[in-house]
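Here are my notes for your first pass through this entry. Keep the structure open and check each point as you read.

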Amino acid sequence: MVKRDVSKKNLIIAIILTLLLFSMGILIGLLVSERRISHLEQISKDQRLDYESLQLQFLMITDSNKEKSCPVLIESLEQNIKRLISTGEKIEKYSEDLNLNSKEFETLKRDYTLTQLNFWFLVKKSREICEKDVVPIIYFYSNDKDCAYCSTQSRILTYVKGKFKERTMIFSFDGSFEQEALIPILKKVYNVQEYPSLIIDEKTYSGLITTNELEEIICSKLKEHEEC
Amino acid sequence: MEITISMLLIAFVYLISLFFITFWLITYFTKGIEEKQNKLENYPKVTIAIPALNEEKSIRGTIESALNLDYPKEKLEIIVINDGSTDNTKNIIKTMMKNESRIKLINHKINKGKGESMNEALKAAKGTFFTCLDADSFIKSDALKIMLPHFDNPKVGAVLPLMKVKNPTTVLEKIQWCEYLLNMFYKKIMSTIDCVHVAPGPFSIYRKKVVEKLGGFAEKNITEDFEISLRLQKNDYKIVQLFSTEVYTLVPKSLKGVYKQRNRWYKGTMLNLFDYKRMIFNKKYGDFGVVQLPRVLISGFLAVTMLGLLLYKRVLVPTIMWFRDMSYVNFNVFYFMKEWVTNLFSNFSILNFNYMNIFLGITIMIMSGTALYLAYSFTKEKFLKYGFLTIPLYLLLYGFLAAGVWLGVFIELLFRRVQKW
């Protein structure tokens with residue numbers, strides 16, 4: 001009969017090695033998360049400076065230089081908003097990965113939300129001063145499971161943005177992100193009760209707005225556009 | 001970051017898989033798998049049982065490979081059990097018997113199953129050692145001379161040859177070929193710590209008196225080879241896996257065939273584990289009880305969990321969502337592809353990669369790669385023998401194949417459907 005043993009030594013080494021490798025993976029994840037935070041903080045700083053610069057540009061617009069300054073301002077706004085959206089996506093993506101810095105990500109998201117709002121106001125004002133034919137859209141989404149059609153609305157917005165290009169400017173806000181006090185205020189002001197919701201020219205559109213509906217709304221706001 | 005149940009499940013599956021691979025590799029590096037080859041001093045009588053059910057295509061080759069064994073003629077007995085074949089199997093056996101007195105026939109008018117066939121052969125057998133050669137398997141002529149000396153150790157109850165897939169041609173056969181190599185390497189390591197859990201049909205040699213003492217083969221069992229191995233282990237007999245001689249076996253060519261075969265194996269595994277549940281986590285049975293049986297028990301659950309999560313989270317839900325969302329934008333795939341590529345470049349940052357997943361993925365891949373490399377080198381096979389796609393296809397598809405069968409088995413077991421062998 002064979003003598004039965006448990007390879008205790010090998011089992012313990014295997015357990016230690018497994019935990020060591022797994023912990024190394026987690027450690028790498030956490031170190032990367034730290035780097036991501038400083039990367040995003042740097043971007044946020046740049047974006048705030050960009051905003052200040054644009055604000056100054058805006059203040060410098062007078063009736064006499066309007067014709068020359070406005071197109072430059074609108075172009076810069078468009079570029080900045082594009083970068084801003086990409087930052088927003090990064091914040092969302094990075095905060096979903098392993099990290100111990102949920103507080104930092106929250107601060108970054110607040111910062112991002114406020115910068116977006118600043119840009120939104122700037123777009124609204126430049127629209128008036130520069131008489132620019134542009135439709136700003138506020139999009140309220142939610143990362144919670146209760147928003148069944150948020151991914152659909154995002155896709156529709158991306159698609160419509162591709163069609164109307166710089167004639168629409170989209171600002172996305174996570175409606176469930178109540179850590180930023182302005183979000184509940186905005187929701188209250190615009191009577192946002194469900195997700196997705198769109199706000200176009202002070203009017204709230206609740207629930208999913210299809211491509212055709214959205215195109216119709218945008219066309220009704222634009223003076224002229226080849227897509228309309 | 002919100003920790004979800006699926007994340008915990010994935011971490012659990014990963015940790016368990018990594019633990020077992022690490023344990024096997026440590027066992028390999030500490031114990032080694034070199035074989036000592038003693039010379040056969042005397043030639044004990046050996047009985048080879050060949051159960052056959054509708055094997056007219058392969059039975060001649062199987063019997064011939066048994067007859068061609070490099071072993072004294074008078075010491076070899078071949079018992080072919082025609083288990084109710086409806087094709088020409090019986091006639092082929094009878095024709096061969098005319099020229100060869102060593103062949104004996106047990107004829108079943110109706111199919112009785114492998115277990116019963118083996119027991120009848122066991123009763124009729126005159127050999128000191130008893131082996132079974134499935135009718136779809138072929139052995140090398142040196143098999144007995146290499147395998148029998150390992151019975152010098154009286155604790156040895158069974159000796160197994162290295163089993164390889166015979167002439168794989170289809171992708172499915174090549175995947176199985178690769179799987180068999182890795183499985184053999186794994187069994188070889190397990191053999192060093194007395195943890196071989198199955199003595200498969202093709203040419204596993206048993207010490208006849210041991211099998212008789214243990215009551216023969218389980219007749220109603222759908223995986224009687226697994227059951228007899230469990231019984232040998234339970235009664236503290238050694239099962240030795242060899243690499244120095246080979247047996248070649250045919251494997252199913254179609255997906256349906258693979259599913260049917262694996263379904264029986266996996267179902268038999270679960271049912272037998274249930275019967276032998278007292279051995280699981282039982283220190284009395286050493287590594288076999290503490291490591292091997294829990295591994296066998298959990299592997300199906302791990303495969304199904306991983307496949308289920310992967311399919312649901314990464315394939316099913318995203319696909320449904322994609323189709324739904326795209327239906328709202330007239331399926332303008334081209335636009336979104338362009339958008340995706342532009343974003344990929346404009347948003348590119350080295351920080352975008354999930355380094356934790358990459359590290360953990362590479363770790364397990366390096367370990368699996370090491371095991372695969374060792375499996376190939378110890379079985380003396382070339383990496384590109386069956387084309388450069390064999391290994392990638394095996395790595396890519398085998399998990400899905402196994403998990404798919406396991407899923408079917410779990411569903412059938414829930415509804416208590418068990419087939420005959």
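**Notes on a strand and an interface**

1. Start with one pair of residues. Ile199(A), in E3(A), is the bridge partner of Ile138(A). Bear in mind that this is a predicted model.

2. Now widen the view to the strands. Strand E1 of chain A covers residues 135-141. E1(A) pairs with E3(A) in the antiparallel sense. The pairing runs over 4 bridges.

3. Look next at the side chains of E3(A), residues 197-200. Ser197(A) and Ile199(A) point one way. Leu198(A) and Ile200(A) point the other way. All of these residues are buried.

4. Within it, Leu198(A) stands opposite Tyr205(A).

5. How many residues lie between E3(A) and E4(A) in their hairpin? There are 2. Look at Asp201(A) in the turn. Asp201(A) has a positive phi of about 50°.

6. Turn to the contact between the chains. Chain A puts in 47 residues, and chain B puts in 53 residues. Interface size is often given as the accessible area lost when the parts come together. Chain A and chain B bury about 4400 Å² between them. Carbon and sulfur atoms account for 65% of that area.

7. Which residues form a salt bridge across the contact? Arg4(A) and Asp236(B) do. Their closest N and O atoms are 3.1 Å apart. The count between chain A and chain B is 1 salt bridge. Polar contacts between the two chains come to 22 residue pairs, with both residues at pLDDT 80 or more.

8. Now see which helices supply the side of chain A that touches chain B. Helix H1 (8-59), helix H2 (66-96) and helix H4 (150-164) of chain A each supply at least two residues. H1(A) gives the most, with 19 residues. By type, the residues on this side of chain A divide into 22 nonpolar, 15 polar and 10 charged.

Notes. Residues numbered from 1 in each chain as written. Chains lettered and ligands numbered in written order. Predicted model: local features only at pLDDT ≥ 70, side-chain atom pairs only at ≥ 80, totals over all residues. Heavy atoms only, no water. Contact = heavy atoms within 4.5 Å. Buried area = accessible area lost by both parts, 1.4 Å probe. Salt bridge = Lys/Arg side-chain N within 4 Å of Asp/Glu carboxyl O. Polar contact = N/O pair within 3.5 Å; in protein donor to acceptor, adjacent residues only side chain to side chain. Nonpolar A, V, L, I, M, F, W, Y, C, P; charged D, E, K, R; others polar. Buried < 20%, exposed > 50% of the residue type's maximum accessible area, 1.4 Å probe, protein only. Pairing = 2+ DSSP bridges.
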